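The following note is intended for a colleague who is opening this structure for the first time. Please read the points beside the sequence and the model.

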Amino acid sequence: MLLSVSLVLAQLATGLDQPVKNVVLIVSDGVRAREVFEGGERALMGRAGGVENEPGCVAKFFRPDAAARRELLMPFLWKTVAKEGQVFGLSRVGSPMKVSNRFRVSYPGYNELFTGWADPRIDSNGLGENPNVTVFEHLSREPGFEGAVQAFATWETFFRIFAVGRSKLDVRAGWNPPFANDPERTPGKDVIDAVHRTTTPLFGGNALDAMTYAALKESLKTKRPRVLFLGLGETDEWMHAGRYDLALEALQRADATIADLWHTMQAMDEYRGSTVFLITTDHGRGGLPWDWKHHGANVLGADDIWLAAIGPGVPALGVRRDTGLVTQAQVASTIAALLGHDWQAVNPKAAPPLPLQPSAALAAGAR
Ligand SMILES: [Zn+2]
């Protein structure tokens with residue numbers, strides 16, 4: 001009885017008539033709202049952005065019109081997700097999105113995304129196993145989700161963020177061969193494991209996006225997760241490395257990867273018409289000419305983020321306006337509510353779901 005009441009409340013919060021069957025959360029690390037909404041920044045397409053081939057970068061990523069420029073950079077997000085779904089985070093039309101943790105680095109951001117609140121104890125990437133239960137861990141123990149929660153991530157820190165020692169979640173992360181412990185072998189698994197073993201580790205604990213995505217696609221041939229996380233890391237790594245051109249390349253490829261995953265899943269009976277994609281980032285980064293590479297507590301603008309959503313229960317409202325401030329902390333409850341669960345009933349510290357419905361948006365945006 002209590003459960004059904006909280007279920008109804010969760011659905012009221014999102015305005016959903018009926019829960020969806022599957023939710024996929026995709027995070028591309030450290031992507032500024034600026035690139036998402038305006039495309040590549042011209043001022044960084046030369047020496048200031050560590051770009052040697054300025055004419056090549058401009059030809060590939062610059063168009064005078066901002067709408068054309070962002071479509072060039074993220075065609076799936078703008079031509080499909082924004083048309084059939086929604087995008088939060090454009091502050092000048094009254095829908096800013098921010099992280100609520102004050103650290104503006106990855107582990108605190110992912111903790112906020114996965115648990116629904118900014119835990120002040122989670123203050124750096126160096127922390128051990130997450131003391132907090134994530135919405136992923138919780139759902140994995142709910143009826144209908146047993147063995148149906150999976151995470152694929154380039155960054156090995158996700159073992160700690162998802163607290164795999166306690167949660168026993170199925171997490172494949174970093175340079176570790178993703179199928180090393182799978183007794184059932186396929187030619188695909190053998191190749192992907194070998195690539196993980198033999199590729200020079202360009203970024204410390206962060207594998208290349210293509211490797212992690214290849215593992216996810218191979219896994220999808222036999223597994224059917226209902227709650228799935230994909231963590232891509234190159235967008236952050238190339239920015240830190242001071243290579244704006246490669247950061248744009250990585251973002252364009254992340255968009256293509258998300259498109260491929262969407263089309264792959266829409267072609268499967270288990271996912272077609274019953275799956276929501278939430279696409280977001282863990283933190284922003286500096287907005288000034290000298291700090292675009294960085295993010296952190298003292299970097300202005302590194303708390304500005306964005307989120308795009310597509311699928312049943314996500315009305316085609318496009319770029320959201322006048323919602324008022326929404327936060328990273330609202331994502332965990334959104335995942336649960338879409339699936340018919342009330343995360344705030346489990347974790348009272350969690351923020352409410354995002355206002356995906358026009359009526360909920362009105363209420364949230366009341367001034
Ligand atoms: Zn970073």
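1. Donors are here N, O and S atoms within 2.8 Å of the metal (3.2 Å for Na, K and Ca); water is not among the atoms, so sites may look incomplete. Along the chain, the donors of the zinc ion follow the spacing D-x3-H-x54-H. H240 belongs to helix α12 (residues 234-240) and H295 to the loop between β7 (275-280) and β8 (304-305), so that this pair, 55 residues apart, links distant parts of the chain. Helices (H or I, at least four residues) and strands (E, at least two) are DSSP runs, numbered from the N terminus.

2. The model is predicted: local features need pLDDT of at least 70 and side-chain atom pairs pLDDT 80 or more, whereas totals for chains, interfaces and linings use all residues. Residues are numbered from 1 along each chain as its sequence is written, and side-chain values use heavy atoms, with hydrogens and water left out.

3. The protein donors of the zinc ion, D236 (OD), D236 (OD), H240 (NE2) and H295 (NE2), lie 2.0 to 2.5 Å from it. Why is the arrangement irregular? The 4 donor atoms subtend angles of 54 to 150° around the zinc ion, whereas four donors count as tetrahedral if all angles lie between 85 and 135 degrees; four count as square planar and six as octahedral if opposite donors are over 155 degrees apart and all others between 65 and 115, and anything else is irregular.

4. Burial is judged by relative accessible area: under 20% is buried, over 50% exposed, and in between partly exposed (1.4 Å probe, protein chains only). H295 is buried, at 14%, while H240 is partly exposed, at 36%.

5. Strand β1 (residues 22-28) has 7 of its 7 residues buried. One face carries N22, V24, I26 and S28, and the other V23, L25 and V27. Two strands pair if DSSP finds at least two bridges between them. β1 runs parallel to β7, joined by 6 bridges, with V24 opposite F277. With β6 (residues 227-232), β1 also pairs in the parallel sense over 6 bridges; there V23 has V227 as its bridge partner.

6. A nonpolar core is a set of buried Ala, Val, Leu, Ile, Met, Phe, Trp, Tyr and Cys residues joined through side-chain atoms within 4.5 Å. The largest has 53 residues, and L261 and F277 have the most contacts inside it. Helix α13 (residues 244-266) supplies the largest share of this core, 11 residues. Apart from it lies another core of 45 residues, including V23 and L25.
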